[in-house]
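Biologist: I am new to this structure, and I would like to learn how to read the place where two parts of a protein come together. Could we go through it step by step?

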Amino acid sequence: MPIKRVVAPQIDFSGLRRELGLPDEFPEAVLAEAGDAAGGTRLPERDLTGIEFVTIDPATSRDLDQAMHLSRRAGGGYRVHYAIADVAAYVRPGGPLEAESWVRGQTIYLPDGRVPLHPPVLSEDAVSLLPDGERAAVVWTIDLDGDGETVTVRLERARVRSRAKLDYAGVQRQIDAGNAPEMLTLLPEIGGLLARRASDRGAVNLPLPSQEVERDSSGWRLVLRAPLAIEEHNAQISLLTGMAAARIMLDGGIGLLRTMPAPKPEAVEKLRAAAGPLGIPWPDGARVGAVVAAVDPADPRGAAFLDQAAELLRGAAYTAFGVPTQAGEDRGAKADPDKTHGGVGAPYAHVTAPLRRLADRYATEMSLSLYEGSAIPDWAAQALPRLPKAMSTTDRVAGAADRGAIDLAEAILLQGRVGEMFEAAVLDRDEANGKRPAGGTIALDEPAVRAKCVGDLPLGQRIRVRLTAADPVSRTVGFERA
């Protein structure tokens with residue numbers, strides 16, 4: 001899918017920041033503690049600097065949580081070394097730095113800059129896995145057989161050294177040109193195996209293009225960007241690690257999982273019913289994840305089908321389990337909470353982004369302790385009951401920031417063009433009822449806008465629409481079928 005760009009005038013996102021209550025600068029006490037930690041934290045004695053780790057991230061990123069090294073095992077199969085920035089080694093329990101991380105919850109990304117979880121002296125320097133020296137890391141070593149099934153898992157603190165800061169587009173070009181080193185060529189090989197295993201166990205991955213607002217030399221541009229294949233392969237390594245962490249915590253009887261209800265049978269049947277009219281093949285016996293993975297999101301009918309499929313993936317949450325009270329009883333939200341992630345098709349935990357997400361630091365520490373057979377530190381165990389609510393709150397803020405920035409860009413981009421006609425694809429449709437007329441959701445080709453539209457909309461078809469409203473103050477855009 002090509003990248004579609006339309007330049008917008010200057011956009012002020014400060015109102016959105018104020019509306020969401022996003023923090024500005026870090027308090028002085030937090031910056032002081034972060035500076036002391038950056039200069040005074042000792043690296044682990046365990047030395048894994050001989051492993052040639054690399055990072056693969058967006059080109060402009062400096063908060064690098066993960067570094068990997070992939071290799072073949074003697075006798076067949078693969079070895080995955082996955083180094084995760086050891087944030088817990090730099091954050092003192094009970095200090096102002098830890099307290100501020102609970103206020104923020106996660107890094108919030110806005111087009112005009114990030115609102116980071118940790119001060120940049122840590123997140124973009126001392127703790128980030130940049131290729132400028134040794135770093136403290138929690139290293140996962142996961143051995144796979146030739147089919148991608150996990151054979152063994154090892155977990156340890158160690159010092160590591162990244163050899164290169166790579167970006168997705170550059171790695172994809174190397175692989176496409178056939179001149180990538182073996183370590184990088186193994187990423188699509190292993191990622192493909194893991195993706196097939198995920199499909200077999202019922203995982204659902206939506207290959208949806210993302211709307212993004214990017215800075216342009218003359219202002220801002222709205223971008224519709226399809227994920228590169230290498231991004232999907234890279235994500236499989238993170239999922240592999242998250243599933244390994246979940247298994248360690250489940251075996252240990254305590255932990256924090258990322259959960260989601262499995263798609264309901266009636267929802268799958270509804271999606272199957274939509275496939276026929278949209279021309280989406282659904283072979284007999286095919287799992288929903290395999291059907292979704294084969295859909296072309298650039299095709300209007302495919303985009304409409306994927307929009308319908310997104311309804312399968314609702315209800316994501318963080319689930320704490322095995323949390324002891326003073327009386328030694330369990331404080332879980334319910335006696336036997338659902339511990340599986342329906343989108344992953346297995347139990348899963350967030351442990352691979354501790355620089356950007358609060359929960360990962362605690363889940364990693366619990367995984368380490370359980371793996372080593374040692375007591376979970378009090379600071380991690382005591383935080384466990386509070387983490388689900390804290391992460392739910394910050395997830396809502398992050399979602400509102402993403403959507404609010406796009407809504408604002410769409411409204412400013414289209415103001416002054418009310419009454420104009422556009423080509424659009426119908427992604428979703430709503431029947432008329434007593435409270436609203438018939439309508440649905442459309443996606444414009446140019447500019448890359450998704451919006452509500454009034455009228456009798458044929459799902460998956462291309463239509464002509466007229467812009468009826470574009471209000472930057474309310475961040476709303478509206479259309480009607482021509």
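Modeller: Let us begin with a definition: buried area is the accessible area, taken with a 1.4 Å probe, that two parts lose on being put together, summed over both. The size of an interface is often given in this way, as the accessible area lost when the parts come together. Please keep in mind that this is a predicted model.

Biologist: Into which domains is the protein divided?

Modeller: There is domain 1, made of 18-254 + 347-395, then domain 2, which covers 267-308, and domain 3, which covers 416-481. The centres of domain 2 and domain 3, taken over C-alpha atoms, are separated by 23 Å.

Biologist: What is the area buried between domain 2 and domain 3?

Modeller: About 660 Å² is buried between domain 2 and domain 3, and carbon and sulfur atoms give 54% of that area. On the side of domain 2, Pro-300, Asp-307 and Gln-308 lose the most area to domain 3, and together they make up 57% of what that side buries. In terms of contacts, 7 residues of domain 2 meet 9 residues of domain 3.

Biologist: How many salt bridges does the rule find across this interface of domain 2 and domain 3?

Modeller: The rule finds 1 salt bridge across the interface of domain 2 and domain 3. The side chains of Arg-450 and Asp-307 meet in a salt bridge, at 2.8 Å from N to O.

Biologist: Which helix gives the largest share of the side of domain 2 that touches domain 3?

Modeller: That is helix α10, residues 300-309, which contributes 6 residues to this side of domain 2. The residues of the side that touches domain 3 divide into 4 nonpolar, 1 polar and 2 charged.

Terms used: Residues are numbered from 1 along each chain as its sequence is written. This is a predicted model: local features need pLDDT of at least 70, side-chain atom pairs count only at pLDDT 80 or more; totals for chains, interfaces and linings use all residues. Side-chain values use heavy atoms; hydrogens and water are left out. Domain bounds come from an automatic or database domain assignment. Contact means heavy atoms within 4.5 Å. A salt bridge is a side-chain nitrogen of Lys or Arg within 4 Å of a carboxyl oxygen of Asp or Glu. Helices (H or I, at least four residues) and strands (E, at least two) are DSSP runs, numbered from the N terminus. Ala, Val, Leu, Ile, Met, Phe, Trp, Tyr, Cys and Pro count as nonpolar, Asp, Glu, Lys and Arg as charged, and the others, Gly among them, as polar.
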